Amino acid sequence: MRVLLTGHQGYLGSVMAPVLAAAGHEVTGLDAGLFADCVLGPRPADPPGPRVDLRDVTADHVAGVDAVIHLAALSNDPLGSLAPELTYDINHHASVRLAKLARDAGVKRFLYASTCSVYGAAGGDDLVAEDAPLRPVTPYAESKVRVEDDLHSLADGAFSPVYMRNATAFGYSPRLRADIVLNNLVGHAFLSGEVLVLSDGTPWRPLVHAADIARAFTAALSAPRDAVHDRAFNIGSEINNVTVAEIAEQVAAAVSGSKVVITGETGADPRSYRVDFSRFRTAIPGFDCEWTVKQGALELADAYREHKLTREDFEQRFTRLAVLRAASDRGAVDDTLRWRR
């Protein structure tokens, strides 16, 4: 299958591209390249593809493509809250425009990287399934809800959008992100000996390894149409529904000599939810996630040690907001996060 992978030079895309290729797909990438140099360890061998801002995609970019996997976005809540208008412009409007171009070009399947954070303030201990009320509490999550709604209106007999609501990702990627919870806590422990938790540690978080996300998208790509057409799926495993305090304990166990420090200075986080992941397992018989939080913490600790992670890299090169601020400060990008010529 000829697959266009947007965001192929990002945290998830750098893991997903080789998984897709190994499954026999012909992969073409599309990425603005904002985080292409955020590499820890050997630089990955990217699939071919242009450096293109998502807002500038044309029909030529989707011509001859069988399926689109759409990962590209301004990613995570702090970044979305910094520039909500850009979050909606890029994550919402540009994503829907890409989908319309894909549909008009005859693309059959459009796998959209949504998020479990659409459940936002679900609260409670009951498992949240795909038909639960959506209660996003950040511009990032709100943009995902809007895209799902608009993609639903595009679905027809020839065009199948699929909404992959990923749990919070973790794990090593050659293009590391340090601003997601497990990766961040392991980094703090590795560099300072403290597993620093700023909240009170009580919120629930569903987590999923980047490699399991890649496997899930690959499975959805070739699944029977009736199994996935115009459906939302939570991507993850119930075993990785954990509180922030439990994540911290796993990190302390993985990083020798570290200790948990829960400051509580930011108080209780309104984003708290446990997620039911059974729908995807039912739709894709035989699929299950392979990675636990414990295994991911150990993997990250080993990777940070092997590749000699520094504090500067951890706080600057692998933190999305810091990368974009640095690019803006040196004049590499303008106020709309477009590359300057």
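**Exercise 1. State which residues of helix 7 are buried, and whether the helix is enclosed or open.**

Step 1. The buried residues of helix 7 are Ala210, Asp212, Ile213, Ala214, Ala216, Phe217, Thr218, Ala219, Ala220 and Leu221. Buried means under 20% relative accessible area, exposed over 50%, and partly exposed in between, with a 1.4 Å probe and protein chains only. Helices (H or I, at least four residues) and strands (E, at least two) are DSSP runs numbered from the N terminus.

Step 2. Because 10 of its 13 residues are buried, helix 7 is largely enclosed by the rest of the structure.

Step 3. Helix 7 covers residues 210–222 and reaches 19 Å from its first C-alpha to its last, close to the 18 Å expected at 1.5 Å a residue. The expected span is 1.5 Å times one less than the number of residues.

The model is predicted: local features need pLDDT of at least 70 and side-chain atom pairs pLDDT 80 or more, while totals for chains, interfaces and linings use all residues. Residues are numbered from 1 along each chain as its sequence is written, and side-chain values use heavy atoms, leaving out hydrogens and water.

**Exercise 2. Find what the buried residues of helix 1 pack against.**

Step 1. In helix 1 (residues 13–22), the buried residues are Gly13, Ser14, Val15, Met16, Ala17 and Leu20.

Step 2. These buried residues pack against strand 1 (2–6), strand 2 (26–30), strand 3 (67–70) and helix 7. Contact means heavy atoms within 4.5 Å.

Step 3. After helix 1 comes Gly24, with a positive phi near 95°.

**Exercise 3. Describe how helix 6 packs on helix 11.**

Step 1. Helix 6 (residues 181–192) and helix 11 (residues 293–306) pack at an angle of about 50°, their axes 10 Å apart. Axes are lines fitted to C-alpha atoms, for helices over the stretch in contact, and angles run from 0 to 180 degrees between N-to-C directions.

Step 2. Helix 6 and helix 11 are therefore oblique to each other. Angles under 35 degrees count as roughly parallel, over 145 as roughly antiparallel, 65 to 115 as roughly perpendicular, and the rest as oblique.

Step 3. Helix 6 contributes Leu182, Asn183, Val186, Gly187 and Phe190 to the contact, and helix 11 contributes Val293, Gly296, Ala297, Leu300, Ala301, Tyr304 and Arg305.

**Exercise 4. Locate Ala121 and state how far Arg271 is from it.**

Step 1. Ala121 sits in the loop between strand 4 (109–115) and strand 5 (127–128).

Step 2. Ala121 is partly exposed, at a relative accessible area of 34%.

Step 3. Ala121 and Arg271 are 150 residues apart in sequence, and 4.9 Å apart in space, C-alpha to C-alpha.
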